[in-house]
Amino acid sequence: MDETRWWPMIGLAFGTAVGFAGAFGGFSAFLIVAVLGLLGLLVGRALTGDLDVGALLGSRRRS
């Protein structure tokens, strides 16, 4: 199955979660959900190979 078809559904789920957190939990819950969502996105992209973690963190090997 083509994984690009899942991105709109994942975005919808994330937007719904952030909306509920903002509506019922206040601003702090909104921030927690947003930060954890971003962290999950970064981990998912790193696991699939779409994100170079070494370049993101600025670590390089010097020869």
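**Figure 1. Residue classes in the lining of the largest pocket of this predicted model.** The lining has four nonpolar, five polar and three charged residues. Nonpolar covers Ala, Val, Leu, Ile, Met, Phe, Trp, Tyr, Cys and Pro; charged covers Asp, Glu, Lys and Arg; the others, Gly among them, are polar. The largest pocket has a volume of about 270 Å³. Of its 12 lining residues, Trp7, Ile10, Gly37, Gly40 and Leu41 are the closest to its centre. A pocket is an open set of points on a 1 Å grid over the protein atoms alone, where a 1.4 Å probe fits, with protein on both sides within 12 Å along at least five of seven lines; lining residues have an atom within 4 Å of a point. Points are joined across faces, edges and corners, and the volume is the space filled by probe spheres set on them.

**Figure 2. Helices around the largest pocket.** Helix H1 (7-25) and helix H2 (27-48) each supply at least two lining residues. H2 gives the largest share, six residues. The chain has three helices and zero strands. Helices (H or I, at least four residues) and strands (E, at least two) are DSSP runs, numbered from the N terminus.

**Figure 3. A nonpolar patch on the surface.** Trp6, Trp7, Met9, Ile10, Leu12, Leu38, Leu41 and Leu42 form this patch, and their accessible area together is about 790 Å². H1 gives the most, with four residues. Trp6 lies in the segment before H1. Patch residues have over 30% relative accessible area and no salt bridge; nonpolar side chains (Val, Leu, Ile, Met, Phe, Trp, Tyr) are joined within 5 Å, like charges within 9 Å. A salt bridge is a side-chain nitrogen of Lys or Arg within 4 Å of a carboxyl oxygen of Asp or Glu. Areas come from the Shrake-Rupley method with a 1.4 Å probe; for residues, only the protein chains shown count as cover.

Figure 4. Buried means under 20%, exposed over 50%, partly exposed in between (1.4 Å probe, protein chains only). Of the 63 residues of the chain, 3% count as buried.

Residues are numbered from 1 along each chain as its sequence is written. Local features need pLDDT of at least 70, side-chain atom pairs pLDDT 80 or more, while totals for chains, interfaces and linings use all residues; side-chain values use heavy atoms, without hydrogens and water.
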